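Dear colleague,

Please find below the structure that I am handing over to you. My findings follow directly after it, and I would be grateful if you read them with the model open.

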Amino acid sequence: MPDLSNAVPTKDLKEWHTPSSRSEVIHELIHGVDRYNPSNLSWMEENLQSQVRDGEYDLFANLAILKLYQFNPQLSNPEAIINILLKALSATVHGPDFNLCLAVLREPSAILHDIDSDEQSLVAVMPFLQKLHELVRTCQFTKFWSEWNGGSEAAQILRESYAPQHAHLVDSFRVLFATSIASCFSRVRLAQLARWLDLPENEVPQWCAGVQWSVEGDVAVVPKNGDNDVKAGVVKEHVELSQLTKLVAAAAY
């Protein structure tokens, strides 16, 4: 889950690969042959519920659940699938998380057929989540919020049935978008930032203070982070003549 108190681009992938919130039991489970044992599915789904409830995120533990569904389609859980996709969607803008999860899933209708279910939420929600992912991936944040807050069946299902289960889901989206903004901008007008974060303009200064951004007049100032303060550099290389001997000799033939 994005750090809700600091909207800066992530440099360290260790937390992505091995989150500190992962228990030793789950770690051993997903890195051994037992990850393919369907009798362990209840443990892994319980871990997913813990992620949802506590606002944590463990991609590889969630992929292990989807892999078990792939090998044992009769055990597929549509609610768990939607929660996993939501967690992946809110975890990264340009990372592979969402597509990795999607790659081990079949069409929603096929999943429901395998479990003999008439519940059609998955059929509506999965394509909608794919649409949201494309908007996030292409940084169309204003359109994302328009779809999220829209009146479509899928949007209503997510807002009413799933978002309340997730700790800080909307805040996670805002900080996620802000990290992408922070990698490109050093100064952003508050009115524009309000549209990108789906906030009333008068609440943006307080939000900026919460993520350690400052405000100057009607502009939010993003701290320098190595991505938004690119500086020209001069690279000098010292090459000895002896190092060119082979090249010169080869050119003589």
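C139 is found in the loop between helix 8 and helix 9 (141–148), where helices (H or I, at least four residues) and strands (E, at least two) are DSSP runs numbered from the N terminus. Phi of C139 is near 60 degrees, a positive value in a residue other than glycine. With a relative accessibility of 30%, C139 counts as partly exposed; in this scheme buried means under 20% relative accessible area, exposed over 50%, and partly exposed in between (1.4 Å probe, protein chains only).

Two notes on method apply throughout. This is a predicted model, in which local features need pLDDT of at least 70 and side-chain atom pairs count only at pLDDT 80 or more, while totals for chains, interfaces and linings use all residues. Residues are numbered from 1 along each chain as its sequence is written, and side-chain values use heavy atoms, with hydrogens and water left out.

A positive phi is also found at D116, a residue other than glycine, with a value near 55 degrees. D116 belongs to the loop between helix 7 (108–114) and helix 8 (121–137). Its relative accessibility is 69%, and D116 therefore counts as exposed.

The chain as a whole

The chain contains 14 helices and three strands. Its radius of gyration is 23 Å, whereas a compact globule of 253 residues would have one near 18 Å; the radius is taken over C-alpha atoms, and the globule rule is 2.2 Å times the number of residues to the power 0.38. The C-alpha trace spans about 75 × 60 × 35 Å along its principal axes. Of the 253 residues, 42% count as buried.

Among the contacts with a separation of 6 or more, 68% are between residues 24 or more positions apart, contact meaning heavy atoms within 4.5 Å. The chain exposes about 13,900 Å², of which carbon and sulfur atoms supply 52%; accessible areas come from the Shrake-Rupley method with a 1.4 Å probe, and for residues only the protein chains shown count as cover. The mean positions of the 20 positive and 32 negative charges are 10 Å apart. Here Lys and Arg count as positive and Asp and Glu as negative, without His and the chain ends, and the place of a charge is NZ of Lys, CZ of Arg, CG of Asp or CD of Glu.

The nonpolar core

In soluble globular proteins, nonpolar side chains tend to be buried together. In this model the largest nonpolar core has 72 residues, and those with the most contacts inside it are L129, F144, W148, L158, L193 and W213. Such a core is a set of buried Ala, Val, Leu, Ile, Met, Phe, Trp, Tyr and Cys residues joined through side-chain atoms within 4.5 Å.

Which residues does W148 touch, not counting those up to four places away in sequence? They are L86, F128, L132, A155, L158, R159, A163, L169, V170 and F173. A163 lies in the loop between helix 10 (153–162) and helix 11 (169–182). This residue is buried, with a relative accessible area of 16%. With residues up to four places away again not counted, A163 touches W148, L158 and L169. Between A163 and K131, 32 residues apart in sequence, the C-alpha to C-alpha distance is 17 Å.

Further positions

W16 lies in helix 1 (residues 14–17) and is partly exposed, its relative accessible area being 30%. Leaving aside neighbours within four places in sequence, W16 is in contact with L59, F60, P96 and D97. W16 and L68 are 52 residues apart in sequence, with 21 Å between their C-alpha atoms.

A124 is in helix 8 and touches E153 and A154, residues up to four places away in sequence not being counted. A88 is 36 residues from A124 along the chain, and their C-alpha atoms are separated by 18 Å.

Finally, G217 is placed in the loop between strand 2 (214–216) and strand 3 (219–221). G217 is exposed, with a relative accessible area of 69%. From G217 to P205, 12 residues apart in sequence, the C-alpha to C-alpha distance is 9.8 Å.

With kind regards
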